[in-house]
Amino acid sequence: MTDFDPATFANVGPKEFAQLVKSTPDDKIAQVMSGDLRGKVLGEVFGRMPSLFRADRAGSTNAVIHWIITGRPDGGSDTYEVVIADGKCDVNETPQHDPKLSLTMGPVEFLKIVSGGANPVMMFMTGKLKAKGDLGLAANIANLFDIPKA
């Protein structure tokens, strides 16, 4: 599987997904994420977050995180809400709470972060990732999930 085909996401595990993102050129990812399949890709990624959540590392963390992915075909952005509370992680496709942290990034950067192919701190420093709110939480967020490495 060498082509970035969102239709196959449901059939691959996290490690295969990470490999797929790593092996696909940025312009191809951007093309897919600016088309009709964007919603399916985002749905698959956010749908997996609760199963990749590491309650053992979260401790008493309670937080609402808004992931804002820019670059929608209509020029807008998609916002997903991740709620971490009482040792579990829930995802809402429509934000329902005020966030403790908001993360804004483009679709290519988002897929690289969630597939373990990018350093979020470097992305923040270079302006490819914008964080608003609890920056301590932002710096620790990767530790709360079992992010696959390609």
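This is a predicted model: local features need pLDDT of at least 70, side-chain atom pairs count only at pLDDT 80 or more; totals for chains, interfaces and linings use all residues.

Me: At roughly what angle do the axes of helix 3 and helix 5 cross?

Reply: The axes of helix 3, residues 38-52, and helix 5, residues 107-114, cross at roughly 30° and come within 12 Å. Angles under 35 degrees count as roughly parallel, and helix 3 and helix 5 are therefore roughly parallel to each other.

Me: Which residues of helix 3 and helix 5 meet?

Reply: From helix 3 come Arg 38, Val 41, Leu 42, Val 45, Phe 46 and Met 49, and they meet Pro 107, Phe 110, Leu 111 and Val 114 of helix 5. Sorted by class, this contact of helix 3 with helix 5 has nine nonpolar residues, one charged residue and no polar ones.

Me: How many aromatic pairs does a search of the whole structure find, and how is such a pair described?

Reply: A pair of aromatic rings is described by the distance of the centres and the angle of the planes. The search of the whole structure finds five aromatic pairs, and one of them is formed by Phe 46 and Trp 67, edge-to-face, with 6.2 Å centre to centre and 75° between the planes. Phe 46 lies in helix 3 and Trp 67 in strand 1, residues 63-69, so the pair ties together parts that are 21 residues apart in sequence.

Me: Which residues does the UniProt annotation "domain: SCP2" cover?

Reply: That annotation, from an unreviewed UniProt entry, covers residues 56-146. Over residues 56-146 the chain is 25% helix and 33% strand, with the end C-alpha atoms 11 Å apart.

Terms used:
Residues are numbered from 1 along each chain as its sequence is written. Side-chain values use heavy atoms; hydrogens and water are left out. Axes are lines fitted to C-alpha atoms, for helices over the stretch in contact, and angles run from 0 to 180 degrees between N-to-C directions. Helices (H or I, at least four residues) and strands (E, at least two) are DSSP runs, numbered from the N terminus. Angles under 35 degrees count as roughly parallel, over 145 as roughly antiparallel, 65 to 115 as roughly perpendicular and the rest as oblique. Contact means heavy atoms within 4.5 Å. Ala, Val, Leu, Ile, Met, Phe, Trp, Tyr, Cys and Pro count as nonpolar, Asp, Glu, Lys and Arg as charged, and the others, Gly among them, as polar. UniProt positions are given in the numbering used here, feature names are shortened, and annotations may be inferred rather than shown by experiment. Rings of Phe, Tyr and Trp (its six-membered ring) pair if their centres lie within 6.5 Å; planes under 30 degrees apart count as stacked, over 60 as edge-to-face and the rest as tilted.
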